[in-house]
Amino acid sequence: MDTHSRKKQHQAETTSDNAGPVPETRPVLTGIIWQKESGNRSPRFFLADENATEHFGRLLGTLAADGDVYCLSGDLGAGKTLMSKGVCRSLGVEEEEVVSPTFALMNIYNGKVMEVRHFDLYRLDSPEELNDIGFYEYVGGEGVSLIEWGDLFQSELPPEYLQVNLTIVPEGRVVEMIPFGLRYEAISKEVLRHVNAGA
């Protein structure tokens, strides 16, 4: 059993709902609305503005645990880096440290809660380049991995992760969570529970 699998097994044994530690204080969830759509099994939420997008990221951060992988996808300007900032802030990373790794390809932030590995794969052309930036070494290891444009290399992603799709709409943004694995199904349910409780 590899290190990532052992961590996941340990988390499943120590957390009753498998969604990470329950946050002591929930982020402000104003402007986040669950979209009830029949036939769609993936939770979708409307995000009214940039604050709602960042606060949604904070909520994901409060539910994160070592080894978690969040893949953020969407058009340019859809809010991937803004949501990443929210995740990072909830994990104790100073706001000014979090920048889009478009040119660096990967940034590592030492948060007060845990480390964050922030990838941007937009400028890469082949899976071989993933190896050059340490992608396989870092993703799923200690801390949380945030992968922007991970959908460009879907076959290279770990078997379990949370896909977060952002779409710009006239009034704001829509975010859809597609969980791959029981851990991420549990996180999705917790997000839904917190959003409904904050409504």
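Visitor: Leaving aside neighbours within four places in sequence, which residues is serine 42 in contact with?

Guide: Contact here means heavy atoms within 4.5 Å. Once those sequence neighbours are set aside, serine 42 is in contact with Glu176, Met177 and Ile178. Before we go on, two notes about what you're looking at. This is a predicted model, where local features need pLDDT of at least 70 and side-chain atom pairs count only at pLDDT 80 or more, while totals for chains, interfaces and linings use all residues. Residues are numbered from 1 along each chain as its sequence is written, and side-chain values use heavy atoms, with hydrogens and water left out.

Visitor: Where does serine 42 lie?

Guide: Look in the loop between strand 1 (32–34) and strand 2 (44–47).

Visitor: Is serine 42 buried or exposed?

Guide: The cut-offs go by relative accessible area: under 20% is buried, over 50% is exposed, and in between is partly exposed (1.4 Å probe, protein chains only). Serine 42 has 15%, so it is buried.

Visitor: How many helices and strands does the protein chain have?

Guide: Six helices and eight strands. Reading along the sequence, you get α-β-β-α-β-α-β-β-α-α-β-β-β-α. Of the chain's 199 residues, 51% count as buried. And if you take the contacts with a separation of 6 or more, 64% of them come from residues 24 or more positions apart.

Visitor: How do I read two helices that pack together?

Guide: Two packed helices are described by the angle between their axes and the distance between the axes. The axes are lines fitted to C-alpha atoms, for helices over the stretch in contact, and the angles run from 0 to 180 degrees between N-to-C directions. As for the word, angles under 35 degrees are roughly parallel, over 145 roughly antiparallel, 65 to 115 roughly perpendicular, and the rest oblique.

Visitor: Which hand does the crossing of helix 2 and helix 3 have, left or right?

Guide: Right-handed. The rule: if the near helix is turned anticlockwise from the far one by less than a right angle, the crossing is left-handed, and if clockwise, right-handed. On the helix 2 side, the residues making the contact include Phe56, Gly57 and Leu60, and on the helix 3 side they include Met83, Gly86 and Val87. By class, this contact has five nonpolar, six polar and five charged residues. Nonpolar covers Ala, Val, Leu, Ile, Met, Phe, Trp, Tyr, Cys and Pro; charged covers Asp, Glu, Lys and Arg; the others, Gly among them, are polar.

Visitor: How do helix 2 and helix 6 pack?

Guide: Helix 6 covers residues 182–198, and its axis is 10 Å from that of helix 2, at an angle of about 125°. The two are therefore oblique to each other, and their crossing is right-handed. Phe56, Leu59 and Leu60 in helix 2 meet Ile187, Val191, His194 and Val195 in helix 6. This contact has six nonpolar, one polar and no charged residues.

Visitor: What should I look for in phi?

Guide: Most residues other than glycine have a negative phi. Tryptophan 149 has a positive one, near 65°. You'll find tryptophan 149 in the loop between strand 6 (144–148) and strand 7 (161–169), and at 12% relative accessibility it is buried.

Visitor: What does glycine 92 touch, not counting residues up to four places away in sequence?

Guide: Gly111, Lys112 and Val113. The C-alpha atoms of glycine 92 and glycine 111 are separated by 4.4 Å, although the two are 19 residues apart along the chain. Glycine 92 is in the loop between helix 3 and strand 4 (106–110), and it is buried at 18%.

How values were computed. Helices (H or I, at least four residues) and strands (E, at least two) are DSSP runs, numbered from the N terminus.
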